[in-house]
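Welcome, and please take a moment to look through the sequence and the fold below. The notes that follow walk through a few packing and backbone details.

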Amino acid sequence: MLHFNQNSNYLANSDAFPGLIGELFRGLTHCGHLPEIVGPALSVMVKLATQDLADLQFGSHSPQPIGVDALIVAPSGSGKSTLLNKLRFPFDQFDLEHVHIAAEAAVKRKHSHRVWATKVKAIENKLNKSLEDLDRLQVFQEMLALTLAEEPKVEATPSVICHDATIEGLLKKLQRWPSAGIILDEARLWLKNRVAKNPAEFIKLMDGSPYRINRAGTGEIFIPAPRLAILLMIQNGVFVSFRRDHEKTAQESGFDARFLFSVVEQQVPTTYRSDFPADDVLQAYGRRVTSLLQQSARPDRQGPGDRYILTLSDAALRFLEDQNAHIQHQRRGWPAAMDAYAARHVERVAKMAASWTVFNDCTGPISLDYVQRANVLCLHHLEIYRAYLTTSVKASSTAADAQLLDSQLRTLRYLDPAKGSVFKINVIRKLAKNWGLDKKRFDLAFDLLCREARIQVIAQGGGNFFQLAMQRSQLLPEFFPQLVWA
C-alpha cells in the first residue's frame, strides 16, 4: 500500500499512477515537465478519453460519471501550454478526422434528402387525387406516414474538445454528442465570464445530471446524461484576483469541490531534456486514446444508455468506507470551505480509480490497488486545498495590504523625519497607487490598521488626518523599499 507524506512531493518520485498512465507521467517529468502540472493534467485527459464509455455505481447513488477535473495554478513560463499540446494531440486529431467525415456525410444527406422530398411530394399528389376513394386514400396515408419516418437524419458527429465554452454553445454541442471537454491553458476569461456568473449550470453538467432548458435563443434542449471534463490552467496572480472577487460563489456553490487543485508557487527553473525518452510512451498514449474514442463513436452505440457500469471490489469498498470514516473524524473543527471540499474526497478517489480502470483496459470490479493509489493522489490535492484555499483570499489579501501600507508609512516617516508621524488621508490614498493599492484595497487596509490600533485617525482637521501608533518600533532602513516622496 502507498503511504501519503504531506511533507514530500509525491508526484516527483511515487508510482501512484498505474500502467500506461504511470509510464507517461514518468516520461514527461523526465523530460523536464513539472510533476505538479503533469499529474492533474494527465488525470483529466484520462477522464476525457473514458467518460463516455462507463459510469460508476457507488453507494446508493445512481450511476455517476467517472474521472476527475483539475485546476492548475502556475506562473507564466512553467510549460503549461507545451504539456497540454502533447496531451491533447490525439483528441484534436480525432476531432479533425470527424470534421471531414461529417462534411462528407452532409453532402450525402443533402442528396438523399432531395430524393426523399421528391418521393414525399409525389405521394402527397397521389393522396390529394384520392380524396374521393377512401380505400386508395388510406393506402397513400399509410405510405406517406412510412416515408416521412424515413427522412434522412443528421448523424451525430463525435467531437471531444469544446472550443465555444459559453453555456449555450456547450449545450448545443452536448445535444449532438453527450461527451465533451473544456481544456484551457489560459482560463482567466472563462472563469470570469462563465463560472463567476452561474457556476450551477456547469456543476450540473459535470455531475452528469439530466439537463433541460427552454430559452428564447436556444429553444428547448434536453440532455439526459451529459459528461463533461474540465481542465483549467491559470496564472497565480490572475487566480488570486478571481478568488478575491468570486471566492464566496466558487466555494458555496460547490464548484471548488469538483476539482483537484495544484499550485506551483513560483517559476521553477527547469532544463528540458530531449523528448525522446517520452516519444514511445506518448505514441502508446495516443493509440490508446484513439482506441477509446473510436469505441465511443462506433455506429452501433445507441448513446449514453450503452455506458457499462463499474463497481468497486469488496476490498476497495471497505477501504473507502474506512477512509471516509477517517475523513469525517478529521473534518471536525475545519473551516467551512475545507469541510465542503473534504466531504467529496472519497467520491474523487472512486471516480479517479474508475477512469484508470477503463483507460488501462481492466475488467471486473475496480481493484483495491487502484483505489489506494488514487487515495494517495487525492490526499495530496486535499492538502494543497487546505494550504492555499481555506483562508479567505479577501482576508489574507487585506492583511497583506495592511502590512504593506504600514511598512510604507513607516518608510515615509524614516525618509522625512521632519514630517513626523501625521499624514493626510487623501494624500496617502493617492500615493498608495504607487504601491499597487487601488481605492478599495487601500480603504480595507486602512480600516484594518485602525482596528488593530496601528494607526489612529485624528479628530482635528475634520478627520482628514491620521498618525502612526507610537508604540510600534521603526523598521530598519535596510528593509525599506526605494520610494520617492512627493
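## A buried asparagine

Asparagine 236 is buried, because its relative accessible area is 18% (buried means under 20%, exposed over 50% and partly exposed in between, with a 1.4 Å probe and protein chains only). Keep in mind that this is a predicted model, in which local features need pLDDT of at least 70, side-chain atom pairs count only at pLDDT 80 or more, and totals for chains, interfaces and linings use all residues. Residues are numbered from 1 along each chain as its sequence is written, and side-chain values use heavy atoms, with hydrogens and water left out.

Asparagine 236 belongs to helix 9 (residues 236–252); helices (H or I, at least four residues) and strands (E, at least two) are DSSP runs, numbered from the N terminus. Leaving aside residues up to four places away in sequence, asparagine 236 touches Val73, Ala74, Pro75, Val263, Val264 and Glu265, where contact means heavy atoms within 4.5 Å.

Four strands form an open sheet in the order 3-6-2-7, with parallel pairing; two strands pair if DSSP finds at least two bridges between them. Strand 3 (179–184) and strand 7 (259–263) are the edge strands, each pairing on one side only. From one strand to the next, the twist averages 10°.

Strand 2 (residues 69–73) pairs with strand 7 in the parallel sense over five bridges. Within strand 7, phenylalanine 261 is the bridge partner of leucine 71. Helix 6 (residues 167–176) packs on the sheet, where it touches strand 3 and strand 6 (227–234), and its direction makes about 145° with that of strand 3. Such angles run from 0 to 180 degrees between N-to-C directions, and axes are lines fitted to C-alpha atoms, for helices over the stretch in contact.

## Helix 3 and its partners

How do helix 2 and helix 13 pack with helix 3? Here are the angles and axis distances.

| Helix pair | Angle | Axis distance |
|---|---|---|
| Helix 3 (residues 35–50) and helix 13 (residues 345–359) | about 60° | 9 Å |
| Helix 2 (residues 19–30) and helix 3 | about 145° | 10 Å |

Helix 3 and helix 13 pack at about 60°, which makes helix 3 oblique to helix 13 (angles under 35 degrees count as roughly parallel, over 145 as roughly antiparallel, 65 to 115 as roughly perpendicular and the rest as oblique). Helix 3 passes helix 13 in a left-handed crossing, whereas helix 2 and helix 3 cross in a right-handed way. A crossing is left-handed if the near helix is turned anticlockwise from the far one by less than a right angle, and right-handed if clockwise.

On the helix 2 side, Ile21, Leu24, Phe25, Leu28 and Thr29 meet Pro35, Val38, Gly39, Leu42 and Val46 of helix 3. That contact divides into eight nonpolar, two polar and no charged residues; Ala, Val, Leu, Ile, Met, Phe, Trp, Tyr, Cys and Pro count as nonpolar, Asp, Glu, Lys and Arg as charged, and the others, Gly among them, as polar.

## Two positive phi values

Most residues other than glycine have a negative phi. Aspartate 361 is not a glycine, yet its phi is positive, at about 60°. Aspartate 361 sits in the loop between helix 13 and helix 14 (368–389), and it counts as exposed because its relative accessibility is 56%. Alanine 453 also has a positive phi of about 60° without being a glycine. Alanine 453 lies in the loop between helix 17 (439–451) and strand 10 (455–458), and is partly exposed at 34% relative accessible area.
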